[in-house]
Amino acid sequence: MKIGIVGLSGMSVFMTCDHFHAEGETVTAQSLRREPGGKGYNQAIAAQRLGAQVFYCSSCGDDSDGQFCRREAERENIVSFWEIVDHPTAFAHILTDSNGRNRVTVYRGAADALSVPFVHQQKTHWLDCDVLLLNLECPIPVLEELLQTGEEAGIPVILNPAPALPLDSGFLHRFSLLTPNEQEAAILLGLPESTYEPIQLAQEFVRQQYVRAVVTLGRHGALVLENEHAALFPALSVPAVDTTGAGDCFNAALAVCLAQGKTLFQAAECAINASAYSVQHPGVLHALPTDQELDSQWHPITPSILF
């Protein structure tokens, strides 16, 4: 199966500490690591390792960080297309505490310069895909270009709406599947800032006439909505070392399964297993499983039917 992915590519610096900063506090890090990353970049590598042939499109600067991103994607056997622009390559700082929680700061840089004409040049590759997986680290015009390509060719287009932005509902309804986390779901649905039970989110998706959605709920699992039916998949109980990139791993596994022709429920079970594997390992790229590694730690999951 073939999956098309577009996204931000940049250098990530990871540091671990005992706790996050209080105001004015200086915290000493216990470790330091550098690796390339970005939502689309992580998803591309995760999908490739899970057995897909990935076509990946991104932009970067003509600098050492951009060269490193391109080199690592090539090592993963990803077919990638790079628009080299006159901006520094994107950069992210990820701080992880002793409970595996993380705080991320991103400089987008070259990612904002990815252009519609460059993406359009790769149209023959997008038309060869079984699924397109998009996210909001891309310029919106690029997403519109790929969404239209998918619609015209009958290719399912998944939107992982992260980082969250308030978007036009007509635009959102055009996607085959939305995969927000619970905070992103509330923003997309236009709900007041609050905490919502999974069934409340499911009911609101139905009320607003969304056909398919998968909402990641962290340690509470995932909410799956399809054709006015909703189910709650519990999370697997595993020791979390680092949650960075777990959502990217989840989305990649979901896309791979759907490209294989599996049902949304089957895909959600696989995605939860994949993200559970990833959180047990430090960093992002090192934590992304191959299909063999995922099979070796597979746990069946029985969902609860909400309605």
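Q: In this predicted model, how do you know that the span of helix H9 (residues 246-259) agrees with its number of residues?
A: The expected span is 1.5 Å times one less than the number of residues. For the 14 residues of helix H9 this gives 20 Å, and the end C-alpha atoms are 20 Å apart, so the two values agree.

Q: What makes H9 largely enclosed by the rest of the structure?
A: A residue is buried under 20% relative accessible area. In H9, 13 of the 14 residues are buried, and the helix is therefore largely enclosed. Gly261, which follows H9, has a positive phi near 90°.

Q: Why are Phe81 and Trp126 called buried?
A: The cut-off is under 20% relative accessible area. Phe81 has 14% and is therefore buried; Trp126, at 1%, is buried as well.

Q: What makes the pair of Phe205 and Tyr210 edge-to-face?
A: Their planes stand at 80°, with the centres 5.6 Å apart, so the pair is edge-to-face. Phe205 is buried at 1% relative accessibility, and Tyr210 is buried at 6%. The structure holds 6 aromatic pairs, and ring pairs also link Tyr41, Tyr56 and Trp82 into a cluster.

Q: How do you know which strands stand at the edges of the open sheet?
A: The sheet has 4 strands in the order E3-E2-E6-E7, with mixed pairing. Strand E3 (31-37) and strand E7 (102-107) each have a single partner strand, so one side of each is left without a neighbour in the sheet. Neighbouring strands are turned by 20° against each other on average, direction ignored.

Q: What makes E2 and E6, and E6 and E7, paired strands?
A: Pairing requires at least two bridges. Strand E2 (residues 10-16) is joined to strand E6 (residues 90-96) by 7 bridges, and these strands run parallel; Thr16 stands opposite Thr96 in E6. E6 and E7 are joined by 6 bridges and run antiparallel, with Ala92 opposite Val106 in E7. E6 and E7 form a hairpin with 5 residues between them, and Gly100 in the turn has a positive phi of about 85°.

Q: Why is the contact of Asp65 with Arg34 called a salt bridge?
A: The cut-off between nitrogen and carboxyl oxygen is 4 Å. The closest N and O atoms of Asp65 and Arg34 are 3.5 Å apart, within that limit. Asp65 lies in helix H2 (residues 64-75) and Arg34 in strand E3, 31 residues apart. Asp65 is buried at 16% relative accessibility, whereas Arg34 is partly exposed at 48%.

Q: What makes Arg49 and Glu76 a pair that ties together separate parts of the chain?
A: Their closest N and O atoms are 2.8 Å apart, in a salt bridge. Arg49 lies in helix H1 (residues 39-49) and Glu76 in the loop between H2 and E5, so the pair ties together parts that are 27 residues apart in sequence.

Definitions and conventions: Residues numbered from 1 in each chain as written. Predicted model: local features only at pLDDT ≥ 70, side-chain atom pairs only at ≥ 80, totals over all residues. Heavy atoms only, no water. Helix = DSSP H or I, 4+ residues; strand = E, 2+ residues; numbered from the N terminus. Axes fitted to C-alpha atoms, helices over the stretch in contact; angles between N-to-C directions. Phe/Tyr/Trp six-rings, centres within 6.5 Å; stacked < 30°, edge-to-face > 60°. Buried < 20%, exposed > 50% of the residue type's maximum accessible area, 1.4 Å probe, protein only. Salt bridge = Lys/Arg side-chain N within 4 Å of Asp/Glu carboxyl O.
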